[in-house]
Amino acid sequence: MYYGEYGGQFIPETLFPVLQELDRAFEKARRNRDFVKRWRYYLGVYAGRPTPLFFAKNSSQKLGIKLYLKREDLLHTGAHKINNTIGQCLLAKEVLKKTRIIAETGAGQHGVATATACALLNLKCTIYMGRKDVERQKINVLKMKLLGADVVPVSSGTETLKDAINSALRDWITNPTSTHYVIGSVVGPYPFPKIVSFFQSIIGVEAKQQILKLEGRLPDFVVACVGGGSNAIGIFSAFLKEKKVKLIGVEAGGNGKLHSASLTKGSLGVFHGMKTYLIQDEDGQVLPPHSIAPGLDYPAVGPEHAYLKDSGRAEYYSVQDEDALEGFEFLSRFEGIIPALEPAHAMAWIIKNSKELKGKIVILNLSGRGDKDMEIYSNRKADHQA
Ligand SMILES: *Cc1c(COP(=O)(O)O)cnc(C)c1O
């Protein structure tokens, strides 16, 4: 249940049996060929796997490295989140025999990916979202409703993600028999970090096969952005035992003052049912996260990352908004790929460290596409011109 000293189950007692049932069902399902086949079927013909590993020739020449992009941005709904939501919804429906799905979402990306999987699999879907986020993310709210989900605005506390999390947990306590709570990253009480890691590990499995085929050897570096940490764990997992492959996680340094860098700038605490690093004040109040990338606005981080940091197996850095924009413009201009602002952080780290990476094979996990971020980019540009 723990990754080193991190993780665990810090939840109301009534949920213990529900998590135990979930763990049993998941362990059964991951060993069940039919289940895995069905999940892989949907990932293939519905979501668009396997995603290519693209040799970014122009960037490579500019930076003096060999840069490969794992193209999760090409997936249906535009990011890696669909790998997990299809997996968990299938688990809920076919193994746990549940009829209703709940989830919480901040920026709305996980809400859309969950509503999509529910539409595909004929499941009832309720998404909790802070009232302020509902106002800020009108398009994603509209998408969720169009996909058939009920979107419930949460008006308690700060009216943002952490309050939506509390509402989702309360709902689950009230409806444990009919309902499964789809958590969107490698976070939350055990066994969620393990389950989400499994469903995202497909990224690393593919990337490893692809790089071996293309280069005949393992990469020197694997770089990914870290919000809750699911795309990073997904690609890291295949390389954890390959000690020569350096694993780099990049957090959102925000504007320097406000940030979402729980590993590099946070402290130990309990949040979302787990013990991990989070951003909090001296009284242990969770601070509102900030990043130019909506998907990195999570105040904590998955327990496995905290463990990988302690053990030294992975290294974590933070990159600020301005630099992330540089990564965003770089991939757009030189590769014709507009990346999501989240992996643009990881790209920025590569640009910044290109001298040290000289001649190395580097895989960047391009977790999502940037269409969703054009308004943020446009506002930034306007600010700079004003
Ligand atoms: C949600 C999201 C992230 C952050 O989530 P992780 O669990 O850290 O992967 C990163 N990139 C994109 C494109 C996202 O939508």
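Author: Two strands pair if DSSP finds at least two bridges between them. Keep that cut-off in hand. In this predicted model, strand β4 (residues 66-71) and β14 pair in the parallel sense over 6 bridges.

Reader: Which residue in β14 is the bridge partner of Leu-67?

Author: Val-362 is the bridge partner of Leu-67.

Reader: What joins β14 to β9, and β9 to β10?

Author: Count bridges again. Strand β9 (residues 221-225) pairs with β14 through 3 bridges, in the parallel sense. Val-222 stands opposite Ile-363 in that pairing. β9 also pairs with strand β10 (residues 246-254), parallel, over 5 bridges. There, Ala-224 has Gly-249 of β10 as its bridge partner.

Reader: Is β14 buried or exposed?

Author: The cut-off matters here: buried means under 20% relative accessible area. By that test, 6 of the 6 residues of strand β14 (residues 361-366) are buried, so β14 is largely enclosed by the rest of the structure.

Reader: Which way do the residues of β14 point?

Author: Ile-361, Ile-363 and Asn-365 point one way. Val-362, Leu-364 and Leu-366 point the other way. All of these are buried.

Reader: How should I read a nonpolar core?

Author: In soluble globular proteins, nonpolar side chains tend to be buried together. Now the case here. The largest nonpolar core has 90 residues, and Trp-39, Trp-172, Ile-235 and Phe-236 touch the most other members. Helix α9 (residues 192-215) gives the most to this core, with 9 residues. A second, separate core of 23 residues includes Ile-65, Ile-337, Leu-357 and Val-362.

Reader: What does Phe-236 touch?

Author: Set aside residues up to four places away in sequence. Phe-236 then touches Val-222, Ala-224, Leu-247, Ile-248, Gly-249, His-305, Leu-308, Ala-314 and Tyr-316.

Reader: What is the strand order in the sheet that holds β5?

Author: That open sheet has 4 strands, in the order β7-β6-β5-β8, with parallel pairing. Its edge strands are β7 (150-154) and β8 (179-181), each pairing on one side only. Its twist averages 20 degrees from one strand to the next.

Reader: How many bridges join β5 to β6?

Author: Strand β5 (residues 100-104) and strand β6 (residues 124-130) run parallel and are joined by 5 bridges. Arg-100 stands opposite Lys-124 in β6.

Reader: Which helix lies across these strands?

Author: Helix α8 (residues 161-174) lies across β5, β6, β7 and β8. It runs at about 155 degrees to β5.

Reader: Where is Thr-114, and what is it in contact with?

Author: Read burial and contacts together. Thr-114 is in helix α5 (residues 109-121). It is buried, with a relative accessible area of 0%. Leaving aside neighbours within four places in sequence, its contacts are Thr-85, Ile-101, Ala-103, Cys-125, Ile-127 and Val-182.

Reader: And where is Leu-325?

Author: Leu-325 is in helix α13 (residues 321-335). Its relative accessible area is 9%, and it is buried. Beyond neighbours within four places in sequence, Leu-325 is in contact with Ile-292, Leu-341, Tyr-377 and Arg-380. Leu-325 and Arg-380 are 55 residues apart along the chain, yet 9.2 Å separates their C-alpha atoms.

Reader: Which residues come nearest to the ligand?

Author: Of the 16 residues around the ligand, Lys-81, Ser-185, Gly-227, Gly-229 and Ser-230 come nearest. A polar backbone atom of Gly-227 is 2.8 Å from a ligand oxygen atom. For Asn-231, a polar side-chain atom lies 2.8 Å from an oxygen atom of the ligand. For Ser-367, a polar side-chain atom lies 2.8 Å from a nitrogen atom of the ligand.

Terms used. Residues are numbered from 1 along each chain as its sequence is written. This is a predicted model: local features need pLDDT of at least 70, side-chain atom pairs count only at pLDDT 80 or more; totals for chains, interfaces and linings use all residues. Side-chain values use heavy atoms; hydrogens and water are left out. A nonpolar core is a set of buried Ala, Val, Leu, Ile, Met, Phe, Trp, Tyr and Cys residues joined through side-chain atoms within 4.5 Å. Buried means under 20% relative accessible area, exposed over 50%, partly exposed in between (1.4 Å probe, protein chains only). Helices (H or I, at least four residues) and strands (E, at least two) are DSSP runs, numbered from the N terminus. Contact means heavy atoms within 4.5 Å. Axes are lines fitted to C-alpha atoms, for helices over the stretch in contact, and angles run from 0 to 180 degrees between N-to-C directions. A residue is near a molecule or strand if one of its heavy atoms lies within 4 Å of it. A polar contact is a pair of N or O atoms within 3.5 Å; within protein, one must be able to donate a hydrogen and the other to accept it, and residues adjacent in sequence count only if both atoms are side-chain atoms.
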